[in-house]
Amino acid sequence: MQNDVIPPSSSTPDRQAAQPQAQFVTITEEEAGQRIDNYLLRVCKGVPKSHVYRILRSGEVRVNKGRVDQMYRLASGDVVRIPPVRIAEKATQAVAPGAEFAILHEDAHLLIIDKPSGVAVHGGSGVSYGVIEQLRASRPDAKFLELVHRLDRETSGLLLLAKKRSALTNLHEQMRDGVTDKRYLTMVAGDWQNARQHVKLPLHKYTTADGERRVSVQAGGMESHTVFSLLRKWEKFALLEAELKTGRTHQIRVHLASSGFPILGDDKYGDFALNRALLKADGTRGALKRMFLHAHQITFIHPETGKPMTINAPLPAECERFLVSLGKPVHTARR
């Protein structure tokens with residue numbers, strides 16, 4: 001079964017149904033700056049990506065009555081002609097239930113939340129919906145809401161969302177230019193020695209036979225740099241702060257695992273036998289049933305005021321309880 005994406009028109013309903021017409025959309029200030037292909041992929045939900053690029057190449061999409069290529073960046077006031085397109089209607093479509101998350105900061109430009117572990121940031125790869133879909137469902141009047149960056153599903157902590165396209169563009173530029181400072185707290189297995197340690201290992205992304213995304217250290221991979229600082233140390237474990245100098249997929253997890261210090265509870269790169277043992281309490285040590293990786297601090301320049309901001313997310317209760325259960329550390333760094 002198929003549906004027509006039919007634009008608003010003064011035609012009668014019967015005429016509209018019989019002859020779908022092109023839609024003419026005027027670009028607002030909030031929509032300006034994005035590429036035409038990305039804009040079409042967003043507004044033509046359900047339309048195959050290949051078809052979107054086909055109508056661009058064929059000239060069916062026009063901007064101010066002229067042809068444009070996929071690299072064209074929209075400007076405020078541009079009039080975009082979107083031809084009628086047909087989308088396949090899925091037998092069942094998962095509708096994201098509206099949800100709110102712990103808000104750490106919100107203003108007219110930004111929303112910063114504390115994402116729980118186990119919640120995906122967006123739908124895809126076997127996940128019907130994530131944080132962004134749930135927030136949009138709970139805020140139907142929001143004109144714009146987009147993820148500024150991503151966190152792994154198993155990682156908790158600070159997640160930035162932009163409420164204006166200008167804020168999204170500004171923050172992306174800050175991240176590309178290394179202006180932002182992102183810090184994570186993580187617990188690793190092993191006898192960590194150095195108070196401060198730089199890890200620079202090239203990372204290569206690949207997909208497993210099961211379709212899962214993985215990363216490995218490989219010559220010729222993407223340049224990657226993490227700085228680790230020792231906060232507390234026990235006989236078998238260490239609490240570290242990780243400072244990202246680059247932002248590669250699974251960077252902290254792979255840098256630590258490849259250095260011989262797997263993150264507790266990491267089901268992709270960790271010590272699987274240890275992870276199983278940690279699921280149950282042992283003597284005074286409490287159980288740990290998640291990956292111990294938490295985005296706890298970010299510093300950036302506010303896209304509107306131009307002033308620096310530092311936002312913190314407290315360590316989740318289950319991680320804090322695990323730390324307490326370990327007793328007094330053998331070493332605590334001076335801060």
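Reader: Start with K245. What is its relative accessibility, and how does K245 count, buried or partly exposed?

Author: Bear in mind that this is a predicted model. K245 has 43% relative accessibility, so it counts as partly exposed.

Reader: Which residue forms a salt bridge with K245?

Author: E243 does. The closest N and O atoms of that pair are 2.7 Å apart.

Reader: And E243 itself, buried or exposed?

Author: E243 counts as buried, at 8% relative accessibility. The cut-off for buried is under 20%.

Reader: Where else does E243 show up? What about R196?

Author: The side chains of E243 and R196 also meet in a salt bridge, at 3.7 Å from N to O. That pair links distant parts of the chain. E243 sits in strand β16 (residues 237-244) and R196 in strand β12 (residues 196-199), 47 residues apart. R196 is partly exposed, with a relative accessible area of 46%.

Reader: How many salt bridges in total?

Author: The count is 18. Some share partners: D152, E154, R253, D266, D267 and K268 are joined into one network that way.

Reader: Switching to helices. Which residues of α4 are buried?

Author: Helix α4 covers residues 131-138, and V131, I132, Q134 and L135 are buried there. They span an arc of only 165° around the axis, so they lie on the same side of α4.

Reader: What covers the buried residues of α4?

Author: The cover includes β8 (110-115), β9 (146-147) and β10 (156-162).

Reader: Which salt bridge does R136 make?

Author: R136 pairs with E146, at 3.0 Å from N to O. E146 lies in strand β9 and R136 in helix α4, so the pair ties together parts 10 residues apart in sequence. R136 counts as partly exposed, at 32% relative accessibility.

Reader: Zoom out. How many helices and strands?

Author: The chain has 8 helices and 19 strands. Of its 335 residues, 44% count as buried. The C-alpha atoms fill a box of roughly 75 × 45 × 40 Å along the principal axes.

Reader: What about charge? How far apart are the mean positions?

Author: They are 2 Å apart, for 48 positive and 36 negative charges.

Definitions and conventions
Residues are numbered from 1 along each chain as its sequence is written. This is a predicted model: local features need pLDDT of at least 70, side-chain atom pairs count only at pLDDT 80 or more; totals for chains, interfaces and linings use all residues. Side-chain values use heavy atoms; hydrogens and water are left out. Helices (H or I, at least four residues) and strands (E, at least two) are DSSP runs, numbered from the N terminus. Buried means under 20% relative accessible area, exposed over 50%, partly exposed in between (1.4 Å probe, protein chains only). Lys and Arg count as positive and Asp and Glu as negative; His and the chain ends are not counted. The place of a charge is taken as NZ of Lys, CZ of Arg, CG of Asp or CD of Glu. The arc is that of the directions from the helix axis to the C-beta atoms. Contact means heavy atoms within 4.5 Å. A salt bridge is a side-chain nitrogen of Lys or Arg within 4 Å of a carboxyl oxygen of Asp or Glu.
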